[in-house]
Amino acid sequence: METKLARIAEVARNRPNERFTSLIHLINYELIVKCHHELAGNKAAGVDEVTKAEYGKNLPGNVKSLIARMKRWAYRPLPAKRVYIPKENGKKRPLGIPAYEDKLVQKALSKILNAIYEEDFLECSFGFRPGRNCHDALRILGRIVNRDDINYVVDTDIKGFFDNVDHGWMMKFIDHRIKDPNIQRLISRLLRAGVMEAGIKYNTPQGTPQGGVCSPIMANLYLHHVVDLWFNKTMRKELKGKAYMVRYADDIIFCLQYKEDVKYFYKAMKERISKFGLELSEEKTKIVNVSADDDNDTFDFLGFTHYMGKCKDGIKRLKRKTSNKRHHRSIMRCKSWLKYNRTLPVKELMRKLNRKLTGTYNYYAVSDNSKSIDSLYDEVQKLVYKWLNRRSQKKSFDWEKFEIFLEKYPIVKPRIKVNLYRLGAGASYVR
C-alpha cells in the first residue's frame, strides 16, 4: 500500500495536470486495517459509541463487512457527535466526533488525498502537513518579518472557517485533480453526513466538522485554492512591493512592504474570500507596523505574541512570548489537574505532573520565550505547594519543608528546546 501511495505521489509531482480516474480501489482491506492500527485508542467515541478496542475484537469481520458495504454503496457515514470545547475568549468551539468506522474511512481517504495534494501545496502552508509543524511556521514568519523590506503584518481571522466551507466549491477543487466519480461521491457523503447534538440530527449543507479525521486535508485543499494560489500567483504580482504569507490551517499571516499595498490587499482579500462563502472578521483582523518603534504593537499567532525587540547587539528583530491567554490557560489547566489528582501517591503525582509540563515545554520553550516559561514554572511550584498542603486538614509544609520536598521530587525545570533561528521546512520560500 505504501508503494501504491508513493507511486500516486510521484505521478502527481511529475504531472501537475494529471487527473486521477481510478482511486477507490485503494480503500481496501489492507488500508483499513492499517488505519485501524494507526488510530489512537484513547479518543472519544462517536454516536455509535464504538471504541477502537471494541471494533478490534472482530477486526477482520468488521473490516470485510465495511469493504463489502462500500463496494455496493450501502455504506453511509453516520452524523458526527457534536461536542464543545472552551475557547480562550470564554466562548465554546464546536467539534464533530465521527463514528469509529467513519474515522477509518476518513483516514484512508486522507492518505490518498495527501499523496496527491502534498505535491501541489505551496511552501507557505504548514498546517497538518507531513514534515511540517507550528515551529516551522514560526521560523519562516520570523525570517520574513526580519527582512529589511517588510514593514507591515496583516494578521487575518476568517469567521467560522470550518462551518462555512462551501461544498460546491470543495467538489470543484477536488475535480481539478480527482476525476474518480466514486471518490467524489464518497467525499460528498462525508461532507453531508450531518451532526448529532442532544439526540437531534442536523444537516450540514456547508462546512466540514472540525475534529474529523479528514478535516485538516479538506481545509488545506480549500484554502490552497481560495488563498494560497491567488496570493502567490496573482496578488503578489499586483502589489508594488515585496509580499509573503504564512498559513497554518485557517490562521494566516500576510507580510507586506508598503502601506498602500496593505490597503489594496485588505480590500482584495475580503472580496476574494467572500466569493467562496467566507468572511474576514474585522474585529480580529489586525494590521501591525513592524517597522515602527512602538514595542506595544503586537500580534498573536499559534499561541505566541509576536513583537519587535532588540538583540544584545542592538539590532531589532521579531521576538515572541507565550500569549497571555495561553499562559493563563496553562496555569488554570495545571490548577484543575492538581485539584482532582492531589490524592495520588506523591511519587505518581509528581511523575505525571512532570510529564505534562514536559509536553508544554516542548511547544512553548522556544527562542526568546524563557521569561514566559520560567513564569509558568514559578506558578506551578506555588500550585503544587498549595494543593499538597490541602491533602489533609493540617498543613503538610511550610515553604522551607517544601523546598526539601522538591529536592526529592523535583519539578522539571524549563529550558529552551526549540531554536527558531535554525532553517526548517519552507526556507526556500523566502530565499
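Which helix supplies the largest share of the positive patch? The largest share, three residues, comes from helix 11. The structure is a predicted model, in which local features need pLDDT of at least 70, side-chain atom pairs count only at pLDDT 80 or more, and totals for chains, interfaces and linings use all residues. Residues are numbered from 1 along each chain as its sequence is written, and side-chain values use heavy atoms, with hydrogens and water left out.

The positive surface patch is formed by Lys 91, Arg 93, Lys 284, Lys 325, Arg 329, Arg 333, Arg 355 and Lys 356. Patch residues have over 30% relative accessible area and no salt bridge, and like charges are joined within 9 Å. A salt bridge is a side-chain nitrogen of Lys or Arg within 4 Å of a carboxyl oxygen of Asp or Glu. Accessible areas come from the Shrake-Rupley method with a 1.4 Å probe. Helix 11 (324–341) and helix 12 (346–364) each supply at least two residues of the patch. Helices are DSSP runs of H or I with at least four residues, and strands are runs of E with at least two. Arg 93 lies in strand 2 (residues 92–97). Arg 93 is partly exposed, because its relative accessibility is 32%. Buried means under 20% relative accessible area, exposed means over 50%, and partly exposed lies in between.

Backbone angles were also examined. Glu 49 has a positive phi near 60°, although it is not a glycine. Glu 49 sits in the loop between helix 2 (29–38) and helix 3 (52–56). Phe 128, also not a glycine, has a positive phi of about 55°. Phe 128 is in the loop between helix 5 (100–117) and helix 6 (134–145). With a relative accessible area of 49%, Phe 128 is partly exposed.

Definitions and conventions: Patch = residues over 30% accessible without salt bridge, like charges linked within 9 Å, V, L, I, M, F, W, Y side chains within 5 Å. Lys, Arg positive; Asp, Glu negative; His and termini not counted. Charge placed at Lys NZ, Arg CZ, Asp CG, Glu CD. Buried < 20%, exposed > 50% of the residue type's maximum accessible area, 1.4 Å probe, protein only.
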